[in-house]
Amino acid sequence: MYLKKTSFKLFLIVSVFSVLIFFIKKSNKPQPYFIKANKSILEKHSSTSYYFIGSSRVQKSVDPNNIKSTLGTQNIFNIGISGATFLENTILADYIIKTPNRKVLFIELSPILSSFSKTSIQFYDTNNMTPFKTLNLLTNSLSLSKRLNFNFNIYNSYLFSKIAIREDIKNLINPQLDIDNRILMGYSPVIKNDTKSLSSFLTYQEMMVTDYSSVNFKNHYGYIDHLINLSKKHNTKIVFFLPLTYRSQKEKNIVIPLFRSLPKNMKLEYSKKFLDSMRNPKYLSDINHFNEAGAQQYSSLLFPLLKDFLY
Amino acid sequence: MASINLLLIITYIVLSIVLVYVLPKKRKWYALLCTSIFFYYVLVGSKILFLILFSLIIYKAGFFIHKKRFRVTFIIIGILLPLIVSKFLISNSHFENYSSKHITFTSWSTILQIIGISYITFNAISYLIDIKKKFIKPEGNFFFLLLYLIYFPAIFSGPLHRFKYLTSQFKNITITSDSLSSGLRLILWGLFKNMVIAQRIFSIFVTLKSSDISGAYYLLLGLLFFLYLYCNFSSFIDFFQGVSQIFNIKLKNNFRNRIYVSASRQEFWKGWHITLNEWFRDYFFFMLAKKDKKRKYTDYILLLTFLLIALWHEISITLLIWGLCNASWIILEKKVDFQKFAYPKLRKLGGVFYHLFFSSLLALIFISNDFHSLFLKIFFTPSTFPIESMANHTNNIVIIMFSFLIMDYHFKKAKKERFDDYIGSKKTFNRWFIYFKLTLIILIFGATGGIDNYYILF
């Protein structure tokens, strides 16, 4: 009897908070940059489209207008997502590949984390995307325990993003705040320069490391194979590239050897001159991201590299 | 940051509740054994087979020791081997591993790098020594011993328990209104401390650590890490005490309330990671101290104990220095009687600042890769504070301070009581006000959807 009473109280408190969360979430409108990004994907283009997929590092460093002016084509899109890792990059690439346009996807290499970023989930929800179908395909080859663990983490991040109301309350209090200050998808330049450190930059010496016997790329290769197979059926070229800044050495230890192991026709290779030209703290907004000056420099330097992958 | 995700724990709780209800009273512990094995398997995969084999060896060793067929010392050295080898296999410093564990944590490659190996080893040694001392008899049912060794709510980082303490409760598993309420209160408290305070402190800490901060300001990093470690570890214990409490299994307290306002190192160590310190006291310090009948070498034994604790964290010179500093600090404090000082209130206040200052310094040593460069960074580099980097953290700082005050207020009111007992003694309106307040704060300010613990790495 008493246990029933306690269970009822628990049910009551969960219900009250569920209703509260439901109304707070419902009162918020989807952010326009998610709709704009999806529009660029779904719209029919007569010529080849070029997409840059990745994290906030891509968001802050690739200026489509700069590349448009040098490349002479209009269909260049930065669809970097704040917080996205290689799993989300793959899911987004899978989604774009299946659209009918002729396209080239430039995909940032990063570690695979077993969670979805809040921004990715918002993008999926705004545009009625179903990431779990692709997720199932990608995790098929994992052992049972790893798959369970991975899925628990993914669904947990998904569930938590549904009940966390911080961003929604912020938007309710000041609807302009998010639009003006924190664009979470697509090119969003920043002016500031908060660091003098060079430690986060990728160097040519690091790119030349050949010993990567201790790194296991099985999962990455699984994702890459999935994209290659899909791209063959859908008139798409896949090109991988490395971010130029890193928050941790461990990330470098994973992605650099992975990048080196890929065939030449599938990657954007930076020369020593390229990396040296970018290696300047005045181009950074913080240790991990470029500011506007950095984005302009990077986008201009990218042009000669992109030429090899034009349709 | 990688963490134990809440969905996994919720599934564990729901499945365990269902199984506990279904099974008859005498067999209810099987429910917790099954769920412990299953969820541990989800986290560690096939490595669980190694742990089951390890438990089987402990099971057999218990009988051998009881029949005096083997010397307990040899068996204990054998049991310690996997833990020692696993410590040698970790190539980076624990802090480096922790900071990047979201990238590499799941790829611990060798069979000995398993979550909970320290917990199992310490509990196994405690079980065998207690048999040797004739405090307990060897357990006849292997599965019962297995549950003691891999009990899911405790396996990540304790608290450590003696066999008798925990298993006597396994025989009385039941879910009551009180156990459910107490458990949920502790879970709520743990989530609040972990998701709102600890994870936010860590985000400021990471920003500062990767900035150009130096000189005297560098000590601020140590203070942040000290507070982070307390909130992070103690909240994790609160949370799993709550999970366990649902089944009427009371896990021991591992931290004293308001440990951060300790006025001396001795006071601090009495309330920090209590069960681990008790373990080292009972199974190492006292065993050596017993042989030192004239009490000539007490300080040396204390030093040795701290060095062992340090090496358990990580086998490195920096951690040895950390252990040495801790032991020396306590030994020095023992020579000075703080109680003699006049003005007790002033003594307490001064003591808090004195302890926080040196604790910050020790925290920096604890997470440092290189003692020499740390020394240069604090004492021989001009003081710089990266105001620009901190500009993005203004909201974070306000939230942390506000939440820390709430935590401290409740601890002050609770005195020595555990949070669930303290809340339980409040009137209905106050109780529900606290539930709503904490839930709302977690929903609005909770940093991630998981509960994190630095000590899982050890």
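Some ground rules. This is a predicted model, so local features need pLDDT of at least 70 and side-chain atom pairs count only at pLDDT 80 or more, while totals for chains, interfaces and linings use all residues. Residues are numbered from 1 along each chain as its sequence is written, chains are lettered from A and ligands numbered from 1 in the order written, and side-chain values use heavy atoms, with hydrogens and water left out.

Interface next. On chain B, 46 residues are in contact with 38 residues of chain A; contact means heavy atoms within 4.5 Å. Together the two chains bury about 3,500 Å², and 67% of that is on carbon and sulfur atoms. Buried area is the accessible area (1.4 Å probe) that two parts lose on being put together, summed over both.

Several helices of chain B each supply at least two residues to the side touching chain A, including H1 (6-22), H11 (177-209) and H22 (428-445). H22(B) gives the most, with eight residues. Helices here are DSSP runs (H or I, at least four residues), numbered from the N terminus.

Now the serines. A:Ser161 sits in helix H8 (residues 144-163) of chain A. A:Ser161 counts as buried because its relative accessibility is 12%; the cut-off is under 20% relative accessible area (1.4 Å probe, protein chains only). Its side chain reaches the backbone oxygen of A:Tyr158 at 2.9 Å.

B:Ser182 lies in helix H11 of chain B. B:Ser182 is also buried, at 12%. Beyond four places in sequence, B:Ser182 touches B:Gln245 and B:Asp420.

Last, the cores. A nonpolar core is a set of buried Ala, Val, Leu, Ile, Met, Phe, Trp, Tyr and Cys residues joined through side-chain atoms within 4.5 Å. The largest has 168 residues; B:Phe156 is among those with the most contacts inside it. Helix H12 (residues 218-245) of chain B gives the largest share, 17 residues. Apart from that core lies another, of 80 residues, including A:Ile67 and A:Tyr283.

How values were computed:
Buried means under 20% relative accessible area, exposed over 50%, partly exposed in between (1.4 Å probe, protein chains only). A polar contact is a pair of N or O atoms within 3.5 Å; within protein, one must be able to donate a hydrogen and the other to accept it, and residues adjacent in sequence count only if both atoms are side-chain atoms.
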